[in-house]
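Trainee: I would like to learn how to read side-chain features in a protein model. Could we go through one together?

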Amino acid sequence: MAKPKAPRRTLESYTVKHISKTVRAGDCVLMRPSEPSKPSYVARIERIEADSRGANVKVHVRWYYRPEESIGGRRQFHGSKEVFLSDHFDVQSADTIEGKCTVHSFKGYTKLDAVGNDDFFCRFEYNSATGAFNPDRVAVYCKCEMPYNPDDLMVQCEGCSDWFHPACIDMTVEEAKRLDHFFCESCSAEDQNKLPNPHAARHSDTKWQTSMIGTSEPVQRILRGNSGLITDSRDRKHWFTKVHVFFWTGRWIQNAVDGDST
């Protein structure tokens, strides 16, 4: 007769001796990869178990995937510290934990004064079997119509409030950082058409304050002022008559035309 399995008990916390860190359910951790050349895996602890003697400690984890580990692979708008919360659950030895980390919300990550090695962010859940994402669409910006990458500096137009990559408006990053004011081509053309004398006013005389994504303080100010700035395409219908959204299947559609979203 087979020997019955020894009962296991759930631990509220466990101190990983080789890193001198205490972990609990809900903590995010870095775990030893299958190959030394790979970066540490990122996971969220769901439960900690040990045998009746308190030994052989196992952690039940839910894996975060990096963009390059997903079916679609890494894309231009994926941040270097971006991870996806997957539906992949696993059980690992607690000895494979290499350290603790923090997975921020997207909005929380953009508010960080400084990004550390152990800081990550997540804005999508990922189905590892189908490659589907939730949400399956995000707001897009700039002439290139790409979702926001928090690693990239962007300049906000003072007229329409849209955001632009310097390269997409024939500008270097250094030039963008020196800007006092910025109006996109469309807004500049509209302003000139409204002026009875095109030489009667200059953009530099307008009382605006330029904000750029890519430096911590302006990002905090913009997000505080527009909490829905980079969260949901439906919020953008209040600012634009036409909004594009990006589908993970690679298709583009037009949404929220004339204030009507579908």
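**Charges, rings and a buried histidine**

Mentor: Gladly! Start with R123, whose charged end sits over the ring of F106, 4.5 Å from its centre. The rule asks for NZ of Lys or CZ of Arg within 6 Å of the ring centre and within 35 degrees of the ring normal. K81 is placed over the face of F120, at 4.7 Å from the ring centre.

Trainee: What should I know about the model and its values?

Mentor: This is a predicted model, in which local features need pLDDT of at least 70 and side-chain atom pairs count only at pLDDT 80 or more, while totals for chains, interfaces and linings use all residues. Residues are numbered from 1 along each chain as its sequence is written, and side-chain values use heavy atoms, leaving out hydrogens and water.

Trainee: How many helices and strands does the chain have?

Mentor: Helices (H or I, at least four residues) and strands (E, at least two) are DSSP runs, numbered from the N terminus. Here the chain has 4 helices and 17 strands.

Trainee: How many aromatic pairs are there?

Mentor: Rings of Phe, Tyr and Trp (its six-membered ring) pair if their centres lie within 6.5 Å; planes under 30 degrees apart are stacked, over 60 edge-to-face and the rest tilted. The count comes to 11 aromatic pairs. One of them is F84 with F124, edge-to-face at 6.2 Å centre to centre and 75 degrees between the planes. F84 lies in strand β7 (residues 84–93) and F124 in the loop between β9 (119–122) and β10 (125–126), so this pair ties together parts 40 residues apart in sequence.

F84 also pairs edge-to-face with F133, at 4.9 Å centre to centre and 90 degrees between the planes. Since F133 belongs to strand β11 (residues 133–134) and F84 to strand β7, the pair ties together parts that are 49 residues apart in sequence. Ring pairs link Y65, F84, F124, Y126 and F133 into a cluster.

Trainee: Are F84 and F133 buried or exposed?

Mentor: Buried means under 20% relative accessible area, exposed over 50%, and partly exposed in between (1.4 Å probe, protein chains only). Both F84 and F133 are buried. In the chain, buried residues make up 41% of the 262 residues.

Trainee: Which side chain makes a polar contact with H60?

Mentor: A polar contact is a pair of N or O atoms within 3.5 Å; within protein, one must be able to donate a hydrogen and the other to accept it, and residues adjacent in sequence count only if both atoms are side-chain atoms. The side chain of H60 has such a contact, of 3.3 Å, with that of E49. H60 is found in strand β6 (residues 58–65) and is buried, with a relative accessible area of 16%.
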